Amino acid sequence: MSVIKTENLTYTYSIGTPFEKTAVDNVSIEIEEGAMVGIIGHTGSGKSTLIQHFNGLVRPTSGKVFIDGQDITQKGCNLRDIRFKVGLVFQYPEYQIFEETVYKDIAFGPKNMGLDDEETDRRIRETAEIVGLHKDSLQKSPFELSGGQKRRVAIAGVMAMRPKVLVLDEPVAGLDPKGRDKILSQIRDYHKHTKSTVLLVSHSMEDVAKFAEKILVMNKAGIFCYDDTPKVFARAGELTSMGLEVPQITRVFNRLRASGINIRDDVYTVEFAKKTILSYLRDLNPVTGGAD
C-alpha cells in the first residue's frame, strides 16, 4: 500500500511574472509504506519542492497529493495532523534549535502533539539513544554541542514525534565524512526500529547508495525513474549524462565492462563489489573457486 501518492502534481513559482518557473512538472508517483527511499537529482531538479508538498507546506498549482489515502489538497484538510504524520527535517536543521536544554528541544514536537509527560520522556530517551546522544547530554544546552551533535538533536526532535513518514532534506550537508556516515547509519537504525517510511533527499549518489532500498531520480522538474537501487545504478551512463556523480565503485565496474570483462553493471557499494568479484572468479574457475 502506498503511503504517499501524487497525481499529475505540478508546482509553478511566480506565475504571471518574468520569473515564472515550473519546479515540479506533472509528477505522478506512489511510495510504499515502510520504504527506505533516496531522492536524488541535480540542483534545481525539483526534489526539495516536491517533498514540501508531502506535508502541505506547499500547495500544488495543479494535481493532487495523498498521504495515507487522504487527499491533503482538499479544502478543509487538517494540515496540523498531516504534519505530525509527515515529519520534515530541513537542510541545516541545527539552525532551528532554540530551547535551553537538549531534553526540552527534543520534547518540543511530542509536547505539541499533546502527549503526556511519561510518553514524552520515553520518546526523548529512546530517540536520543537511536541518534547516539548520551543521556548525560540531555540536560546540557544544545549550543554547547559540536555541529554534528546539534544536527542529531534537531533530527531527534522530529523523530520523537514518530511520524509515519520521515523526510530529510540533505541531512548530512556540510559534515565531514565520519559525521556523514554516523548520521546516515543512525537514520537507518531509526528506520529499522520504527518500520516507518523514510525519504532522504540528497545530491550525493554515494550517500544514497549506502542505505536506500529504492531511488527516485528527478530531472528537469520531472521523474526520470523510480526503481530498486540496483536497477537505478545499472543506468549509470544516463545518470552521468544528467550531471549526477555515480559512486566511484560503479565507475570502476563500468570501466571493467568497457574493457570487455563480462561483469555486472549494477554494482554500487564496496561490499556488493566484493561479492560480485568473488562470484565472477568462481565462475571463471569453478574447480578451485577462483583461486590460483
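I took patches as groups of residues with over 30% relative accessible area and no salt bridge, joining like charges within 9 Å and nonpolar side chains (Val, Leu, Ile, Met, Phe, Trp, Tyr) within 5 Å. Accessible areas are from the Shrake-Rupley method with a 1.4 Å probe, and for residues only the protein chains shown count as cover.

The model is predicted: local features need pLDDT of at least 70, side-chain atom pairs count only at pLDDT 80 or more, and totals for chains, interfaces and linings use all residues. Residues are numbered from 1 along each chain as its sequence is written, and side-chain values use heavy atoms, with hydrogens and water left out.

Nonpolar patch. I found I277, L278, L281 and L284 making a nonpolar surface patch of about 330 Å². L278 sits in helix α11 (residues 270–284); helices are DSSP runs of H or I, at least four residues, numbered from the N terminus. L278 is partly exposed at 39% (buried is under 20% relative accessible area, exposed over 50%, partly exposed in between).

Salt bridges. I counted 18, each a side-chain nitrogen of Lys or Arg within 4 Å of a carboxyl oxygen of Asp or Glu. E100 and K104 pair at 2.4 Å, N to O; E100 is exposed at 53%, K104 partly exposed at 38%.

Helix α4 (residues 117–130). R123 and E119 lie here four residues apart, about one turn, and form a salt bridge at 2.9 Å. R123 is buried at 12%, whereas E119 is partly exposed at 22%. R122 and E126 bridge at 3.3 Å. R122 is partly exposed at 41%, as is E126 at 23%. Shared partners join E119, R122, R123, E126 and R162 into one salt-bridge network.

Conventions. Helix = DSSP H or I, 4+ residues; strand = E, 2+ residues; numbered from the N terminus. Buried < 20%, exposed > 50% of the residue type's maximum accessible area, 1.4 Å probe, protein only.
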